[in-house]
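Have the chain and its fold in view before reading on.

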Amino acid sequence: MSPQEPPTPGRPQPDRPRQDRPAPGLARTRPVAVVGGTRIPFARSDGPYATASNQEMLTAAVDGLVRRFGLEDPGAVGELVAGAVLKHSRDFNLARETVLGSTLDARTPAYDIQQACGTGLQAVVAAANKITLGQTESAVAGGADTASDAPLGVNDALRRILLEARRAKSVRARLGALSRIRPSHLVPDVPRNAEPRTGLSMGEHAAVTARAWGVTREAQDELAAVSHQRLAAAYERGLLDDLVVPFRGLERDQNLRPGSTTGKLAALKPVFGLDGPHPTMTAGNSTPLTDGAAVVLLASDEWAEARGLAPLAYLTAYETAAVDFVGGDVAGGEDGLLMAPAHAVPRMLERAGLTLGDFDFVEVHEAFASQVLATLAAWEKRGLGPVDRSRLNVAGSSLATGHPFAATGARIVATLAKLLAERGAPGRGLISVCAAGGQGVTAILETP
Ligand SMILES: CC(=O)SCCNC(=O)CCNC(=O)[C@H](O)C(C)(C)COP(=O)(O)OP(=O)(O)OC[C@H]1O[C@@H](n2cnc3c(N)ncnc32)[C@H](O)[C@@H]1OP(=O)(O)O
């Protein structure tokens, strides 16, 4: 090529010696340690956190983590990744605002993430991916949600009139627009716990799936009672002592009922699936609407070692899946709204070369007892084998703790990492979280 010829895109230039690709220090992968986690006790909505915002709750959880691991110094944390499902417009930059209001160094970058109830786990995965690629040394990840302080939207018709009034070029045109406001326009737009494409609530969708998989009321109540009993036992033996920081007078999850028994649960009246025969889902075997926040600290081994912190476990695999809950095999149960983990987990296990029997702990987010049981049945049908119940949600799960949507993933990661550390290496735990919109987020934690 003559010096006058333009360089061909993508061709190595003769005067530029060929380098090792990728450049040294780039595109490496390395283990991602879960160093610890902190959450505030979860509260039933319209209870003690009724006036707490997502930002206040997330800040309390972050500050708890900063105190516990001494993260105040500049540059200690690479970034904060967090989200909320129910967001006010003031929460548009929730993670960064949380940094600014917290004891983290104000120069800590932060960004928001959202995958419905999978948000907390997806935040952990996003942060972990940067650590494994060597793009950052440490990160805090998690989420917060409040169903009490839910954002109320302006009635759509009123919003259009107000926008028209704002755009008006004259006082007359503005008054003309405003004169169309009617008392009915003052009815707010309240967020509904429902799927926009079906109009059905999460519970109603779960009821359809429960029927498809033949999940009984007794099995659901049994799972719910065990969840409460195991969470109560976990508190009693101190498992949560360094994971939960008090907030607004609460020291333990408010929803926890240590005396929950199948007898008491059997007395509750059904609340979902009332349009079909034998409804089985009640307030006791469904998660309540909940307020709360949870975060975890992730890091490279080098970072943890330099700060004298011992990793609890390592995040070693991740998978996500989605189902066609509108047009797919909904009646057969495979494409039920909350069944995406039934697809994500087999894929993840195949990639990892593992079966369900290879796990010491299996953590399945309990949106509803019926959805957990349908998921277990689907895994079995797909040849993954049964889950040993003595390894399932051993410290209780969302039926007992409650479920502040975006916080649940981080709660599970922190609890599982603690369980693995307590058990001692080698150990392995699976996480499965179903999410609105027909999605599932799953992961594996290990102590090699
Ligand atoms: C991907 C996902 O995670 S999807 C999941 C998203 N989350 C949801 O969809 C939330 C679903 N939950 C709900 O909508 C509501 O909590 C409902 C409809 C289930 C229940 O709401 P409410 O009727 O307000 O429940 P409430 O707390 O009042 O409980 C009803 C009764 O059951 C009783 N109860 C609830 N849990 C238990 C229990 N474990 N043991 C004994 N009694 C119980 C309550 O004491 C109450 O009794 P009372 O009427 O005598 O006071």
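Arg 423 is partly exposed, because its relative accessibility is 43% and the band for that label runs between 20% and 50%. The model is predicted, so keep that in mind throughout. Arg 423 forms a salt bridge with Asp 360. Their closest N and O atoms are 3.1 Å apart. The pair links distant parts of the chain, 63 residues apart. Arg 423 belongs to helix α13 (residues 408–423). Asp 360 sits in the loop between α10 (341–352) and β10 (361–364).

Side chains of opposite charge can pair when their charged atoms come close. How many salt bridges does the count come to? The count is 24. Some salt bridges share partners: Arg 30, Glu 137 and Glu 302 are joined this way into one network.

Take Arg 248 next. Its salt-bridge partner is Glu 56, with 2.8 Å between the closest N and O atoms. This pair also links distant parts of the chain, at a separation of 192 residues. Arg 248 lies in the loop between α7 (217–236) and α8 (262–266). Glu 56 is in helix α1 (residues 54–69). Arg 248 counts as partly exposed, at 36% relative accessibility. Glu 56 counts as partly exposed too, with a value of 36%.

Now move to Glu 79 and Lys 130. Their side chains meet in a salt bridge, 3.1 Å from N to O. Is Glu 79 buried or exposed? Glu 79 is buried, because its relative accessible area is 8% and the cut-off for buried is under 20%. Lys 130, at 27% relative accessibility, counts as partly exposed.

UniProt, in an unreviewed entry, places the feature "domain: Thiolase N-terminal" at residues 32–301. Over residues 32–301 the chain is 35% helix and 15% strand. The end C-alpha atoms of this stretch are 7 Å apart.

Turn to the ligand. Which atoms come together at Arg 44? An N or O atom in the side chain of Arg 44 is 2.2 Å from an oxygen atom of the ligand. Arg 257 also places a polar side-chain atom by a ligand oxygen, at 3.0 Å. Thr 287 uses its backbone: a polar backbone atom there is 2.8 Å from a nitrogen atom of the ligand. On its own, the ligand has 1100 Å² of accessible area, and the protein covers 68% of that.

Finish at the surface. Val 154, Leu 162, Val 171, Leu 175 and Leu 178 form a nonpolar patch there. Together these residues have about 430 Å² of accessible area. Which helix gives the largest share of the patch? Helix α5 (residues 171–178) does, with 3 residues. Val 154 comes from a loop, the one between β5 (138–145) and α4 (156–167). Val 154 is partly exposed, with a relative accessible area of 44%.

Methods
Residues are numbered from 1 along each chain as its sequence is written. This is a predicted model: local features need pLDDT of at least 70, side-chain atom pairs count only at pLDDT 80 or more; totals for chains, interfaces and linings use all residues. Side-chain values use heavy atoms; hydrogens and water are left out. UniProt positions are given in the numbering used here, feature names are shortened, and annotations may be inferred rather than shown by experiment. Helices (H or I, at least four residues) and strands (E, at least two) are DSSP runs, numbered from the N terminus. A salt bridge is a side-chain nitrogen of Lys or Arg within 4 Å of a carboxyl oxygen of Asp or Glu. Buried means under 20% relative accessible area, exposed over 50%, partly exposed in between (1.4 Å probe, protein chains only). A polar contact is a pair of N or O atoms within 3.5 Å; within protein, one must be able to donate a hydrogen and the other to accept it, and residues adjacent in sequence count only if both atoms are side-chain atoms. Accessible areas come from the Shrake-Rupley method with a 1.4 Å probe; for residues, only the protein chains shown count as cover. Patches are made of residues with over 30% relative accessible area and no salt bridge: like charges are joined within 9 Å, nonpolar side chains (Val, Leu, Ile, Met, Phe, Trp, Tyr) within 5 Å.
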